[in-house]
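The points are grouped by topic, beginning with the overall make-up of the chain.

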Amino acid sequence: MKMKKRIGAGIAAVVLALSLAACGEGPGSSSEVMSQVGAQGAANMTPQAILAQSGKASEDLTDLQANLKAEMKMKAQGQAMEMAIDMDMIAKQNPVRAQMNMDMNVSQGGQKQSQAIDLYMLEENGKVSMYMGMDGQWQKSSIDLSESQEQLKQYSQQVDTSVYTQDAEIFENKGVQKVNGKEVVVLEGKLTGDDMIEALKASGIEDQLTQQLGQSGMSLEDFKTESGMKIVGYYDAETLLPVEMTIDMSDYFKEIMEKVFSAQNTSVPSDFNVEKYSMTITYTAFGDDVPEVKLPAAAFKTQ
C-alpha cells in the first residue's frame with residue numbers, strides 16, 4: 001500500500017473516533033439553565049461536580065452555535081502532509097434548522113487542495129429540506145421529519161464533547177483563568193487505555209469504526225494506547241456551560257499510524273513524525289442566544 005493510502009486510512013480512522021453523542025433534549029436559554037456559580041466557587045469544585053453541572057446545563061439546551069478547528073501536520077518517506085478544517089455550525093430544533101459551513105485545506109507533496117462545503121436543513125411543511133453546496137454548486141433533497149432527527153443528531157454530534165468528559169476522574173481542576181475577557185474554570189485530563197475504548201463505544205460509531213479498521217487490518221483494541229488524547233476544557237465560571245475544549249492527539253495519532261504500518265507488515269519510515277494533530281471546539285451561543293439559520297440566495301435556485 002502506498003504512503004498516501006496508509007495516511008488516508010489512519011486519518012479516516014481517527015476522524016471517526018472524533019464522532020460524539022448527540023445533544024440533549026429540552027427547551028431553555030443559557031441564562032435560565034442553572035444558578036450562578038462564580039469564580040471562587042468554581043475554583044474550589046471537584047472536576048466531577050463541574051462536569052456534572054455542566055452536563056445538566058447542556059442537556060437543557062438543544063440549540064447551539066459553535067466553531068470547530070482541526071489541524072494535522074505530519075511527515076513520512078520524505079513527504080510532508082498538512083490538513084486544516086474550519087467549520088462553523090448552528091443546530092436548532094422545534095422547528096429543525098441547521099447550518100454547517102466548512103472549509104478544508106490539504107497539502108501533500110507540494111500540491112494543495114481546498115474544498116468548501118455548505119449544508120442547510122430547514123423544516124418546511126412537515127418535511128425537512130436539505131440544501132448542500134460544494135464549491136458554489138447547490139443540490140436540494142427532502143426527507144421526512146422523523147429522518148431529520150437522526151440527520152441532526154449526526155450533524156450536531158461533531159461538537160458535543162460529552163464522550164470525552166464522561167470519566168471525570170481523569171481530570172484535574174487547574175483553577176480559574178481569563179480567556180477572551182471571560183472567567184473560566186479549566187480542567188485538564190488525558191484519555192488513555194480502556195477509557196479510550198469505552199469512549200469509542202459510547203460514541204455510537206463502533207460499527208463504522210470496525211468497518212474502517214477492517215480495511216486497515218486493525219481491531220478496536222488497537223485504539224487502546226498509552227499516549228492517549230490530552231484534553232483541556234474551559235467552562236464558564238458563572239454557569240459552567242462549556243466555552244472551549246482543545247484535544248491534542250499528536251502522540252496518539254503517531255502511535256495509531258505506527259500500528260497501521262505494523263498491520264500492513266510495513267516498517268515505519270525512519271523520518272515518520274506527527275508534528276501536530278489537534279482539534280479545538282469553541283462554543284459561541286446556546287439556547288435562545290443562537291442566531292437564526294439563513295439560507296443563502298444561491299441555494300434558492302435549486303428549488
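The protein chain holds 7 helices and 11 strands, where helices (H or I, at least four residues) and strands (E, at least two) are DSSP runs numbered from the N terminus. This is a predicted model, in which local features need pLDDT of at least 70 and side-chain atom pairs count only at pLDDT 80 or more, while totals for chains, interfaces and linings use all residues. Residues are numbered from 1 along each chain as its sequence is written, and side-chain values use heavy atoms, with hydrogens and water left out.

**Overall burial and contacts**

- Of the 303 residues of the protein chain, 47% count as buried, a term that means under 20% relative accessible area, with exposed meaning over 50% and partly exposed in between (1.4 Å probe, protein chains only).
- The protein chain exposes about 14700 Å², of which carbon and sulfur atoms supply 44%; accessible areas come from the Shrake-Rupley method with a 1.4 Å probe, and for residues only the protein chains shown count as cover.
- Among the contacts in the protein chain with a separation of 6 or more, 67% are between residues 24 or more positions apart, a contact being heavy atoms within 4.5 Å.

**Aromatic pairs**

- A search of the whole structure finds 4 aromatic pairs, for which rings of Phe, Tyr and Trp (its six-membered ring) must have their centres within 6.5 Å, and planes under 30 degrees apart count as stacked, over 60 as edge-to-face and the rest as tilted.
- One of these is the tilted pair of Phe253 and Tyr277, with 4.5 Å from centre to centre and 40° between the planes.
- This pair links distant parts of the chain, since Phe253 is in helix α7 (residues 250–263) and Tyr277 is in strand β11 (residues 273–286), 24 residues apart.
- Phe253 is buried at a relative accessible area of 0%, and Tyr277 also counts as buried, at 3% relative accessibility.
- The rings of Tyr283 and Phe286 have centres 5.6 Å apart and planes at 20°, so this pair is stacked; Tyr283 and Phe286 are both buried.

- The 13 residues of α3 should span 18 Å at 1.5 Å a residue, which agrees with the 18 Å between its end C-alpha atoms; the expected span is 1.5 Å times one less than the number of residues.
- In α3, the residues Pro47, Ile50, Leu51, Ser54 and Ala57 are buried.
- These residues cover an arc of only 125° around the axis, which puts them on the same side of α3, the arc being that of the directions from the helix axis to the C-beta atoms.

**Strands and individual positions**

- Strand β5 (residues 127–134) and strand β6 (residues 137–144) pair in the antiparallel sense over 8 bridges, pairing being assigned if DSSP finds at least two bridges between two strands.
- Val128 has Ile143 as its bridge partner in β6.
- Ser278 lies in strand β11 and counts as buried at 16% relative accessibility; leaving out residues up to four places away in sequence, Ser278 touches Lys69, Ala70, Glu71, Ile247, Asp248 and Met249.
- Asp63, in the loop between α3 (47–59) and β1 (64–76), is buried with a relative accessible area of 12%.
- Apart from neighbours within four places in sequence, Asp63 is in contact with Ala91, Lys92, Gln93, Ala285, Phe286, Gly287 and Val290.
- Met83, in strand β2 (residues 79–92), is buried with a relative accessible area of 10%; Met83 and Ser107 are 24 residues apart in sequence and 6.4 Å apart in space, C-alpha to C-alpha.

**Positive phi values**

- Most residues other than glycine have a negative phi.
- The hairpin of β5 and β6 has 2 residues between the strands, and Asp135 in the turn has a positive phi of about 50°.
- Asn265, which follows α7, has a positive phi near 55°.
- Gln77, which is not a glycine, has a positive phi of about 50°; Gln77 lies in the loop between β1 and β2 and counts as partly exposed at 48% relative accessibility.
- Leu240 has a positive phi near 65° and is placed in the loop between β9 (229–236) and β10 (242–248), where Leu240 counts as buried at 0% relative accessibility.
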